[in-house]
Number of protein chains: 2
Amino acid sequence: MSTGVFVGVDIGGSKVLAAEVAESGAVLRTARRTTPGRRVEARLVEEALTEAVHEVADGRSLAGVGLAAAGFVDAATERVVFAPHLPWRGDPVRSRLEQLWGVPVALDNDANCAARAELRYGAARGVADAVLVTMGTGIGGALVLDGRVHRGRNGLAGEFGHMQVVPDGRECECGGRGCWEQYSSGNALVRRARSRLGVEPTMLEEMCEGVPERLVGPMVTEAAEAGDLVARQAFASVGDWLGVGLANLVAAFDPDLVVVGGGVSAAGDRLLDPARAALDRSLVAAPHRRIPPLLRARFGPEAGVVGAADLARAAAA
Amino acid sequence: MSTGVFVGVDIGGSKVLAAEVAESGAVLRTARRTTPGRRVEARLVEEALTEAVHEVADGRSLAGVGLAAAGFVDAATERVVFAPHLPWRGDPVRSRLEQLWGVPVALDNDANCAARAELRYGAARGVADAVLVTMGTGIGGALVLDGRVHRGRNGLAGEFGHMQVVPDGRECECGGRGCWEQYSSGNALVRRARSRLGVEPTMLEEMCEGVPERLVGPMVTEAAEAGDLVARQAFASVGDWLGVGLANLVAAFDPDLVVVGGGVSAAGDRLLDPARAALDRSLVAAPHRRIPPLLRARFGPEAGVVGAADLARAAAA
């Protein structure tokens with residue numbers, strides 16, 4: 001039994017969050033760094049990681065580090081194949097950092113780590129088959145099958161956000177058109193709310209000081225709470241599309257449970273109720289099946305570090 | 001080791017096919033019956049099954065019977081929950097026929113049985129994770145995970161044909177709109193070809209004697225072979241939609257392999273080449289992954305009986 005500290009690190013496009021996580025799943029201590037961006041040497045990102053991990057360890061010995069990366073991680077969980085906001089391009093991140101730090105390092109993408117957190121400590125505990133979606137800027141996803149995160153041939157399973165739901169639909173950052181996350185995500189929520197500014201009366205006008213570019217997701221959540229109709233309709237739209245896309249995933253995988261996390265899920269049932277209605281309406285054979293419960297994730301911004309630390313623990317066991 | 005005969009039975013909407021299947025997968029002897037329809041007593045269907053099974057056995061003892069049913073089979077593989085063209089509505093078909101025949105009986109839906117045939121003897125042999133689609137009148141499907149057919153919470157995993165690909169699209173028999181099988185299936189192929197009759201010159205005109213309702217799938221396949229442009233464009237359209245829908249499944253599941261079977265797949269690369277092109281074009285992160293091969297199924301109309309017999313063998317083992 002190891003006595004050192006287990007650290008989970010969430011490496012996002014704009015910031016690094018490192019955390020000491022107890023075996024109970026509790027976050028005991030954190031450290032933050034800014035991500036240097038994607039146009040820098042990989043070394044600079046790795047230095048930021050090293051600083052954050054050492055700050056959390058605070059002189060104690062490390063038992064293992066888990067990394068949750070916002071990017072594609074290969075099937076062997078050795079390399080970050082591509083990351084839109086990070087400099088890694090096929091870099092053997094796991095072994096490089098293991099060598100640098102002299103402790104066991106484990107790696108997976110952020111959505112899979114968030115799924116591990118829910119599976120081990122959260123909404124998906126004890127569940128065999130689950131679909132997990134993370135609604136942030138876009139849609140991240142993970143597939144749990146037989147109680148384990150299913151990674152797929154390339155390690156790319158769970159890329160739900162880029163399933164096409166509208167032929168010749170909105171352009172997506174991935175190069176495709178009509179991707180699900182263009183209709184159901186934080187970006188979609190904000191786009192929808194912005195499109196009503198100056199068209200319908202809304203308190204969002206004042207919140208963003210009349211500058212549409214200043215409107216951000218949490219403002220829409222707050223305005224919806226306060227009863228603003230434009231904000232509520234934005235959630236109704238994004239929630240409806242959430243349910244339509246989930247109906248496709250449930251038709252394919254017939255899971256026990258669907259879990260929704262990420263920043264947009266902070267709105268709770270304001271997002272999930274229209275999603276449940278659309279799921280019930282869109283799902284094939286609805287009268288002949290038990291429709292899976294649609295639950296909010298337990299973990300918010302700490303899902304990645306909690307799952308990454310659990311990954312490190314599992315790798316060390 | 002049992003010495004009796006293993007029989008697989010495929011119970012479709014219009015006919016019953018029973019077959020003695022060797023352990024090698026070879027079909028040794030068959031018998032056919034007409035399915036009495038869905039507005040009759042369940043007893044009449046069960047009598048047709050009994051006759052077909054006895055004809056195949058021809059006085060020899062039975063080691064086991066596997067049933068492939070065109071309908072929803074529950075998670076426990078005991079009941080046919082619902083079948084659009086058969087009278088069963090939650091009937092405990094497996095145990096009832098086991099009692100009636102005095103031999104072990106196993107049950108699953110036809111698409112899952114077809115997947116078993118490909119997994120054991122066909123295109124998916126030795127593969128861990130695969131997506132299998134059966135393009136007949138509609139789209140049937142099955143999901144292979146870790147070398148086994150994944151059935152899901154309700155036994156309804158693999159209902160790919162009813163994933164929505166067009167919002168407010170064509171009406172589907174399932175009650176939904178814009179389902180994948182409305183754009184990529186035998187019905188979609190024939191609908192597309194019929195829509196060009198009287199609009200463009202085509203040999204299909206003569207084949208169906210000018211009566212659109214007489215046009216059937218095999219005519220379109222034959223005309224496409226002979227170079228008819230309308231028929232070829234119908235395959236190009238259905239093939240393109242096949243690839244678009246498969247891209248969604250590959251994004252979600254990241255399988256090793258995709259297998260396409262069913263009547264429409266008799267057209268081979270005329271169907272699969274446009275599907276491959278659409279898959280390459282539509283799949284997220286295509287430059288960062290190995291795109292799974294898209295193969296034609298080994299088994300045609302006998303897929304169901306071969307898989308059902310294998311199911312019976314596995315249940316008896």
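**Close-up views of a predicted model**

**View 1. Helices H6 and H7 of chain A.** In H6(A), Val220(A), Ala223(A) and Ala224(A) meet Ala231(A), Arg232(A), Ala234(A) and Phe235(A) of H7(A). Two residues are in contact if their C-beta atoms, placed from the backbone, lie within 7 Å. By class, this contact of H6(A) with H7(A) has 6 nonpolar, no polar and 1 charged residues. Ala, Val, Leu, Ile, Met, Phe, Trp, Tyr, Cys and Pro count as nonpolar, Asp, Glu, Lys and Arg as charged, and the others, Gly among them, as polar. The structure is a predicted model, in which local features need pLDDT of at least 70 and side-chain atom pairs count only at pLDDT 80 or more, while totals for chains, interfaces and linings use all residues. Residues are numbered from 1 along each chain as its sequence is written, and chains are lettered from A and ligands numbered from 1 in the order in which they are written. Helices (H or I, at least four residues) and strands (E, at least two) are DSSP runs, numbered from the N terminus.

**View 2. Crossing of H6 and H7 in chain A.** The axes of helix H6 (residues 217-225) of chain A and helix H7 (residues 229-253) of chain A cross at roughly 115° and come within 7 Å. H6(A) is therefore roughly perpendicular to H7(A). Axes are lines fitted to C-alpha atoms, for helices over the stretch in contact, and angles run from 0 to 180 degrees between N-to-C directions. Angles under 35 degrees count as roughly parallel, over 145 as roughly antiparallel, 65 to 115 as roughly perpendicular and the rest as oblique. The crossing of H6(A) past H7(A) is left-handed (the near helix is turned anticlockwise from the far one by less than a right angle; clockwise would be right-handed).

**View 3. Helices H7 and H8 of chain B.** Helix H7 (residues 229-253) of chain B packs against helix H8 (residues 269-282) of chain B at an angle of about 45°, the axes being 7 Å apart. H7(B) is therefore oblique to H8(B). H7(B) passes H8(B) in a right-handed crossing. Residues making the contact include Phe235(B), Leu242(B) and Val250(B) of H7(B), and Leu271(B), Pro274(B) and Ser282(B) of H8(B). The contact of H7(B) with H8(B) has 15 nonpolar, 3 polar and 4 charged residues.

**View 4. Asp240 of chain B.** Asp240(B) is found in helix H7 of chain B. Asp240(B) counts as partly exposed because it has 19 C-beta neighbours inside 10 Å (20 or more would be buried, 12 or fewer exposed; C-beta atoms are placed from the backbone). Neighbours within four places in sequence aside, Asp240(B) is in contact with Pro274(B) and Ala278(B).

**View 5. Two loop residues of chain B with positive phi.** Asp58(B), a residue other than glycine, has a positive phi near 55°. Asp58(B) is placed in the loop between helix H1 (42-57) and strand E4 (62-69) of chain B. With 10 C-beta neighbours inside 10 Å, Asp58(B) is exposed. Glu209(B) is not a glycine either, and has a positive phi of about 55°. The loop between helix H5 (204-207) and helix H6 (217-225) of chain B holds Glu209(B). Glu209(B) is exposed, with 8 other C-beta atoms within 10 Å.
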